[in-house]
Amino acid sequence: MTAHTSLLRRAAAELIGTAGLLVVVIGSGIQASELSRDTGVALIANSVASAIGLGLIITLFGPLSGAHLNPVVTLTAWWSRRTGGEGLDAREALVYTVAQTAGAIGGAVLAEAMFGRTPGTFATQVRDGGHLLVGEVVATAGLVLVIQGLGRIGRPKLIPAAVAAYIAAAIWFTSSGSFANPAGTVGRSFSDSFTGIAPESLPGFVAAQLIGGILGLVLAGLLYGSSRPPEPVVVQTLSDTGPVDGVTPTKTAYETIG
């Protein structure tokens, strides 16, 4: 995310990016379930497509908004700002969250329409049980830890590939299927399909995701320390007239888009 991009453009990137993510997740789920009656095969297809799509969307929209695509990620950015690091203020976080939720719903409706289904039909697949909520806590905590960890060790350029790989794995190793995204979860309630979730299951999943986000932040703090950026090191030459050979400024995660 770059401070040189207007909030309106960043919000648009979050809305479009999250809509695109839901189109990929739901669309690939519908396609997979129509092509194969084997749930395992369908899940492989859905997880691979979701991971590839997520990685591409983060790479594309990262230079504009940071490509949060997820209110939990946005809230961790807000918390980083509050604790002295880089991130979003409260107004920006609110705008991001609204844009992500609207985009998720729009993406779900678009995916349904694209496959000739009735748009706006609520999901009927109830996902309840404590074990599923534990799965969501684990999935979301891991996601936040991946993002925060790579940021704090100075390797933010690895985030698109790492997040995509993590989500592909978490779809398989968590009991819940790794929704790990409150906006995405709301959006998926608008699709009565392979990847859908009934509206009555939303409160438990969203609460578990928020708890997981907090847990992920705590783990990142314990493992990697403060999220505050390091103090700049001033290198001075004998003449103080130019840069020292071999010393270059630290590059940010994404190139600035004005």
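Biologist: Is A180 buried or exposed in this structure?

Modeller: Happy to start there, with the reminder that this is a predicted model. A180 has its place in the loop between helix 6 (159-173) and helix 7 (182-188). Buried means under 20% relative accessible area. Because A180 has a relative accessibility of 1%, A180 counts as buried.

Biologist: What is the C-alpha to C-alpha distance between A180 and A139?

Modeller: In sequence, A180 and A139 are 41 residues apart. In space, their C-alpha to C-alpha distance is 5.8 Å.

Biologist: What is the phi of A180?

Modeller: Here is some background first. Most residues other than glycine have a negative phi. A180 is not a glycine, yet its phi is positive, at about 50°.

Biologist: Where is S178, and what is its phi?

Modeller: S178 sits in the loop between helix 6 and helix 7. With 4% relative accessibility, S178 counts as buried. S178 is not a glycine either, and it has a positive phi of about 55°.

Biologist: Let's turn to charges. How many salt bridges does the structure hold?

Modeller: One of them joins the side chains of R10 and E92. Another is made by the side chains of R81 and E92, and E112 meets R117 in a salt bridge as well. For the structure, the number of salt bridges is 3.

Biologist: Which residues do salt bridges that share partners join into one network?

Modeller: R81 and E92 meet at 3.9 Å, N to O. R81 lies in helix 3 (residues 71-82) and E92 in helix 4, 11 residues apart. R81 counts as partly exposed, at 40% relative accessibility. Through shared partners, the salt bridges form one network of R10, R81 and E92.

Biologist: Now for pockets. Which helix gives the most to the lining of the second largest pocket?

Modeller: About 200 Å³ of space lies in the second largest pocket. The elements that give two or more residues to its lining are helix 3 and helix 8. With 6 residues, the element that gives the most is helix 8.

Biologist: How many charged residues are in the lining of the second largest pocket?

Modeller: Lining residues of the second largest pocket include W78, W79, Q209 and G213. By class, the lining has 8 nonpolar and 3 polar residues.

Biologist: What is the accessible area of the nonpolar patch with L215?

Modeller: L215 lies in helix 8 (residues 202-224). At 37% relative accessibility, L215 counts as partly exposed. The surface patch is formed by I153, I214, L215, V218, L219, L222, L223 and Y224. Together, they have an accessible area of about 770 Å².

Biologist: One more: what distance separates the C-alpha atoms of G106 and G20?

Modeller: G106 has its place in helix 4. With a relative accessible area of 35%, G106 is partly exposed. G106 and G20 are 86 residues apart along the chain, and their C-alpha atoms are separated by 9.1 Å.

Terms used
Residues are numbered from 1 along each chain as its sequence is written. This is a predicted model: local features need pLDDT of at least 70, side-chain atom pairs count only at pLDDT 80 or more; totals for chains, interfaces and linings use all residues. Side-chain values use heavy atoms; hydrogens and water are left out. Patches are made of residues with over 30% relative accessible area and no salt bridge: like charges are joined within 9 Å, nonpolar side chains (Val, Leu, Ile, Met, Phe, Trp, Tyr) within 5 Å. Accessible areas come from the Shrake-Rupley method with a 1.4 Å probe; for residues, only the protein chains shown count as cover. A salt bridge is a side-chain nitrogen of Lys or Arg within 4 Å of a carboxyl oxygen of Asp or Glu. Helices (H or I, at least four residues) and strands (E, at least two) are DSSP runs, numbered from the N terminus. Buried means under 20% relative accessible area, exposed over 50%, partly exposed in between (1.4 Å probe, protein chains only). On a 1 Å grid over the protein atoms alone, a cavity is a set of points where a 1.4 Å probe fits but cannot get out, and a pocket is an open set with protein on both sides within 12 Å along at least five of seven lines; lining residues have an atom within 4 Å of a point. Grid points are joined across faces, edges and corners, and a volume is the space filled by probe spheres set on the points. Ala, Val, Leu, Ile, Met, Phe, Trp, Tyr, Cys and Pro count as nonpolar, Asp, Glu, Lys and Arg as charged, and the others, Gly among them, as polar.
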